[in-house]
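Hi,

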Amino acid sequence: MTPFTLKALPYPEGALAPVISERTVRIHHGKHQAGYAAKLNQLIHDTHHAHDDLEIIMFHTKSEKKEQSIYNNAAQLWNHEFFWQSLTPEPAEKPSQFIADRLSNVFGSVDAFRTRVVEVAAQHFGSGWVWLSASRVGELNVDSTHDADNPLLWGARPLFVCDLWEHAYYLDYQQDRARFVQAVVDRLVNWRQIQSRLEKLQNRNAA
Ligand code: FE
């Protein structure tokens, strides 16, 4: 049984070029992400996790020493699905006034938000992810997580993510992580998704 499959990209493999090359996307999605799905299926086969969804598996395995491989592969699969959704091919739409105002309140301006993401990404040591997330009460934060971790684990809602593992950028940018992340935040951000996730959170908090 293979409960988890490789979700199709929301755009063609070459659509993010030249910021992210077709070759990088093909390997990243078709080899790395596919590998996490395959490994996860193998690990949960015939276990009590076999019928759970990804988030439930993540929460149930995070603190179990013996289940770290399951946790890592489940979280990496979640993170990669969200990563592709966080991006959109050029020319990306500009952030709406609603988003621009929210980001300006916290970071000073939309460009200052971009700078913050690049700084956090550049300072992050090793593999991981840089996130824009909202706390339960809707406060926006930019922070990074190590390896497979993601902000759902501390109750925050992810709004945007950029992959900081070398496989995300090495073919296109070699060691220059900051230049990769700068190009992503300048040109590929899916502002519409940030907005819809933020609105959902606000509606829930208002209810
Ligand atoms: Fe990755």
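Donors here are N, O and S atoms within 2.8 Å of the metal (3.2 Å for Na, K and Ca), and water is not among the atoms, so sites may look incomplete.

Please keep in mind that this is a predicted model, in which local features need pLDDT of at least 70 and side-chain atom pairs count only at pLDDT 80 or more, while totals for chains, interfaces and linings use all residues. Residues are numbered from 1 along each chain as its sequence is written, and side-chain values use heavy atoms, with hydrogens and water left out.

**The iron site**

The iron ion has His 28 (NE2), His 80 (NE2), Asp 163 (OD) and His 167 (NE2) as its protein donors, at 1.9 to 2.1 Å. The angles among these four donor atoms run from 89 to 128 degrees, and the site is tetrahedral. Along the chain, the donor spacing reads H-x51-H-x82-D-x3-H. His 28 in helix α1 (residues 22-44) and His 80 in helix α3 (residues 68-86) are 52 residues apart, so this pair links distant parts of the chain (helices, H or I with at least four residues, and strands, E with at least two, are DSSP runs numbered from the N terminus). His 28 counts as buried because its relative accessibility is 1%, and His 80 does so at 0% (buried means under 20% relative accessible area, exposed over 50%, partly exposed in between; 1.4 Å probe, protein chains only).

**The aromatic rings**

There are nine aromatic pairs in the structure (rings of Phe, Tyr and Trp, the last by its six-membered ring, pair if their centres lie within 6.5 Å; planes under 30 degrees apart are stacked, over 60 edge-to-face, the rest tilted). One of them, Phe 82 with Trp 131, is stacked, at 6.3 Å centre to centre and 15 degrees between the planes. Because Phe 82 lies in helix α3 and Trp 131 in strand β1 (residues 128-134), the pair ties together parts 49 residues apart in sequence. Both residues, Phe 82 and Trp 131, are buried.

Phe 83 and Trp 84 form a tilted pair, because their planes stand at 50 degrees, with ring centres 4.8 Å apart. Phe 83 and Trp 84 are buried.

Best wishes

Conventions
Tetrahedral: all angles 85-135°; square planar, octahedral: opposite > 155°, others 65-115°.
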